Amino acid sequence: MPAPAGRSRVHAILVVRPDGRTPASAHLKRTLAALDSQSRPVDALTIVACGEDDLVAARVASTSAGSLRLPASTSYAEAVRLASDGLAEDEAVWLLAQDTAPEPAALELLAGTLELSESVSIAAPKLVRWDDRAEIASLGATMTRLGRTVTLAEGELDQGQHDADEDVMGADVRGMLVRAGVWRELDGIDRALAGADEGLDLGARARLAGGRVAVVPAARVAVNGDGVAGLPDPRDSKRVRRIAYATRTAQLHRRFAYARALALPFVWLATLPLSVLRTVGHFAAKAPGLIGPEWAASATAFARFGAIAASRRRIKGIRRVPWSRLRELRLGRFELHKRLDTVDPDAGVRRRGELRFFAGGGAWAVLGGLVASIAVFTPLLAWPVLGGGGMLPLSDSVVELWRNAGWGLRATGVRTVGPADPFGAVLAVIGSLSPAHPSTALVVLWVLALPLAVLGGWFAATRITERSSLRIAGGAAWALAPTLLASLQQGRPGPVIAHLLLPWLVYAGSVAHRSWVAAAAASLCFAGVAAAAPSLAPALVLLWLVAVALFAVARAGIGLVRVVWIVVPAAVLAAPLVWRQATTGRALALLADPGVPWSGTQAAADPTGRAALATGFPTADPGGWAALLGDGASTWWVPLLLAPLAILALLAPVTRRWRGGCTLVAVALAGMGTAFASVGISVSSAQSQAIPLWPGCGLSLAWLGVVGAALTTLDAGRIEPSAALRPAVVRPVAVAVVLVALAALSFPALSGVHREKALLTSGPSTTLPAYVAAEGRTDPDIGTLVITPQDGGGMASTIVWGPSETLDGQSTYLASRTAPTAADQRLAELTADLVASSASETMDELIADGVSFVLVAPAPEPESERARAARVRAVTGIDQRQQLVSVGETTRGTLWRAVSEPGERARPTARQSALGGWATAAQLAVFTIAVLLAIPTTASRRAARRTPRIVGLDPGGET
């Protein structure tokens with residue numbers, strides 16, 4: 001159809017991509033109807049179908065337009081290039097897609113702009129939303145000095161505020177009207193841009209050719225964001241990754257194409273290092289899903305030499321004006337920051353309620369816990385080191401702490417190289433808080449344990465209730481848990497740390513699907529809990545698997561990747577130990593309690609002990625009341641103090657929030673099952689004694705579920721609104737009864753230190769004689785052979801390196817051995833020869849192994865006759881050695897010093913295999929990522945305000 005006189009012909013090219021995911025036929029129907037209603041009809045229409053679809057084919061056949069069928073993989077740039085072959089000189093090409101529906105006057109206004117000003121090469125419309133034409137989708141685009149694309153107007157309510165704008169550097173490619181001569185000169189859209197910034201690049205090149213790009217705000221085109229032309233709307237994670245890849249690819253390609261010839265090699269070489277920095281930035285911005293597209297885009301742009309050369313040739317061939325002419329259209333740093341600052345960060349945000357930590361009494365509850373802790377642990381304020389029970393001093397330096405946390409030479413034994421317990425990393429973190437004297441950090445932890453437990457319990461309760469009284473009750477109940485108080489009294493660092501971390505795991509883990517900040521924080525807490533209490537790992541992994549299954553099925557995978565991440569740091573941290581124990585056939589030994597192998601006082605695997613576990617007590621003496629009341633006193637009534645809490649927990653599944661109640665009851669059952677299983681498992685040993693697992697860790701998990709379920713009942717229970725049973729009356733009474741009962745139950749444990757009934761004592765700074773410790777501080781490679789007589793008449797021996805045996809130097813890999821290794825056998829033979837024969841080769845071999853001292857330690861109290869006889873025999877035999885000089889009796893036993901020539905004593909080497917080096921590097925990388933993700937940002941806090949703090953509430957307040 002010929003064009004009327006005085007105006008150029010308009011050839012519209014409409015690209016359709018029926019990919020099965022977008023309603024291409026419905027969108028195409030609306031677009032064709034919009035073209036038919038134009039006040040100035042198009043002179044020619046070519047529909048390009050990229051792919052097969054019967055509905056689309058029928059729709060195309062019903063029109064008089066020309067058509068072209070291309071493979072589904074054809075890009076928009078390639079499709080319009082093929083369809084535009086043969087354009088006449090006086091024609092203009094109108095770039096459309098299936099989801100670009102112009103308003104009736106759009107073409108008339110765009111074509112009029114080209115006809116009224118010969119300097120205008122491209123006219124671009126105002127793009128509005130497909131389903132809301134009052135919102136601007138895009139109007140004009142520019143770039144920063146470094147090539148970042150900036151849309152001049154996007155996501156704004158259209159009130160005519162931009163209708164005076166005209167000159168721009170570029171615009172969205174959808175709806176652009178381009179002179180045919182300019183189109184041919186520019187060689188159309190740059191096909192190397194991967195679908196992003198196509199209109200911006202086309203406009204920049206048109207300006208370099210001497211033309212102008214004008215936006216026509218009165219010409220409106222509705223767009224839906226199918227992604228056929230331009231970038232798709234970010235409706236799901238797959239589209240977000242596609243957008244990120246295309247945007248970064250286009251940005252890098254334009255940077256290579258626009259750079260000066262002398263600067264191009266440096267720009268090219270900086271691509272991969274810049275990707276590393278941007279990767280860190282993605283982690284800091286809580287967007288790890290963009291890292292893959294970042295590197296894919298960098299690799300693509302980095303290797304496309306032909307595409308870069310072609311783009312540079314095209315620019316060189318058409319450039320008539322210098323790049324400086326485009327500078328005034330670029331966006332400076334100040335203008336960019338101003339634009340970002342003017343965006344309302346809370347527009348449309350549904351704010352959650354205030355936390356009310358101070359106003360709601362949370363701070364006072366923590367302060368009360370601190371006062372109570374100081375009153376309970378007053379003697380600890382003067383103790384430099386904790387001793388007794390399962391306590392030992394930490395290494396004297398932070399460097400040694402972190403060395404013991406990695407794969408290498410173990411702190412005890414004969415040149416034993418192996419993996420460290422994950423708990424070593426936890427101790428290194430804690431000890432690093434007091435670098436001058438790491439052992440002080442454990443003393444401070446013990447003093448702060450109660451207020452920290454209140455704090456953690458209070459925050460975990462915020463996921464269940466908005467009521468301040470219930471949050472305080474949750475914090476107090478968590479601090480008064482029988483298992484925490486028993487662990488504090490017995491000096492069990494692992495269970496104490498696990499108990500303090502569990503509520504934070506709930507606080508972050510319950511919302512891990514919402515954000516990477518919560519997921520990363522939960523992963524760090526999960527790693528800490530699993531490291532401090534390995535016996536909890538099976539139950540925690542089981543709960544995690546259930547969560548993964550639910551998110552995969554019920555939520556169609558939304559948030560699944562974040563939930564999966566929760567276990568990654570823990571798995572990487574434990575991987576070396578898992579590999580070593582599994583290859584030696586001791587997989588069950590992975591459950592061994594870290595730290596000092598010590599049984600202490602705990603419930604036995606008999607009916608009495610299991611009955612105590614069933615009532616929530618890790619020891620046979622419930623809450624320490626039997627010791628307080630004396631022998632023969634009846635304590636059957638003590639578990640009844642927990643009855644109010646248990647009844648409230650059992651009612652949780654029948655409340656309005658029954659889903660959350662059932663979940664918490666399941667957590668309690670998982671913890672109780674763990675405790676029952678733990679008490680019957682012994683996977684480590686101390687000298688000649690088998691050590692069962694501590695059931696208190698399982699009871700901590702059970703207590704978490706019970707307290708959470710009780711709070712759920714109190715917060716959302718179905719209480720009849722009668723005069724006697726109003727919620728306002730019943731709730732505070734129930735809270736008061738529970739807290740009074742827990743306070744009464746905790747009295748023996750809280751007063752144990754003052755009554756000198758606690759196993760916790762003021763510990764020595766070294767487990768070796770002072771003479772050895774002094775030598776060891778100057779030379780940490782000094783080895784001390786420690787021989788301990790056993791009650792059965794045998795002897796246990798080990799080699800301690802440095803000034804002392806330390807808590808961070810313990811290894812479950814060594815404590816869980818079920819059979820002696822070759823090194824163990826050799827040490828046993830050397831010890832037997834040392835105390836029973838006069839062969840001089842024995843001491844030569846010990847000295848060659850690095851031994852400088854021999855210590856015969858006293859047997860555990862009370863010393864048996866056989867142990868006493870063994871000790872006398874050992875002292876007598878060793879006294880006869882000419883290569884040993886007696887130092888004398890010490891508080892740690894009888895000590896001798898080895899006499900050796902210079903260079904005769906070997907120095908142990910901390911050998912580390914290549915596998916150990918890679919494992920350490922992987923651990924550092926994963927935990928660095930987790931820490932970066934866990935640090936909140938302004939954007940993450942803003943996003944958090946869009947969701948309720950309580951987990952599991954629907955808009956009606958029920959689950």
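Tutor: Contact means heavy atoms within 4.5 Å. On that count, take contacts in this chain between residues at least 6 apart in sequence: 76% join residues at least 24 apart. This is a predicted model, where local features need pLDDT of at least 70, side-chain atom pairs count only at pLDDT 80 or more, and totals for chains, interfaces and linings use all residues. Residues are numbered from 1 along each chain as its sequence is written, and side-chain values use heavy atoms, without hydrogens and water.

Student: Why is T46 called buried?

Tutor: Buried means under 20% relative accessible area, exposed over 50%, partly exposed in between (1.4 Å probe, protein chains only). T46 has 14% relative accessibility, so T46 counts as buried.

Student: Why is T440 called partly exposed?

Tutor: The relative accessible area of T440 is 27%, so T440 falls in the middle class. Of the 959 residues of the chain, 52% count as buried.

Student: Where do T46 and T440 sit?

Tutor: T46 is in strand β2, residues 44-50. T440 is in helix α16, residues 438-461. Helices (H or I, at least four residues) and strands (E, at least two) are DSSP runs, numbered from the N terminus. The chain has 36 helices and 24 strands.

Student: What makes β2 largely enclosed by the rest of the structure?

Tutor: Seven of the seven residues of β2 are buried, so the strand is largely enclosed. A44, T46, V48 and C50 point one way, while L45, I47 and A49 point the other. In a regular strand the side chains alternate between the two faces of the sheet.

Student: How do you know that β2 pairs with β1 and β3?

Tutor: Two strands pair if DSSP finds at least two bridges between them. Six bridges join β1 (residues 9-16) to β2, and five join β2 to β3 (residues 66-70). Both counts meet the cut-off, so both pairs qualify. β1 and β2 run parallel, as do β2 and β3. V16 has A49 as its bridge partner in β2, and C50 has L70 in β3.

Student: What makes T46 and H11 a polar contact?

Tutor: A polar contact is a pair of N or O atoms within 3.5 Å; within protein, one must be able to donate a hydrogen and the other to accept it, and residues adjacent in sequence count only if both atoms are side-chain atoms. The side chains of T46 and H11 make such a contact at 2.8 Å.

Student: Which side chain joins T440 in a polar contact?

Tutor: That of H437, at 2.6 Å. Beyond four places in sequence, T440 touches P384 and S434.
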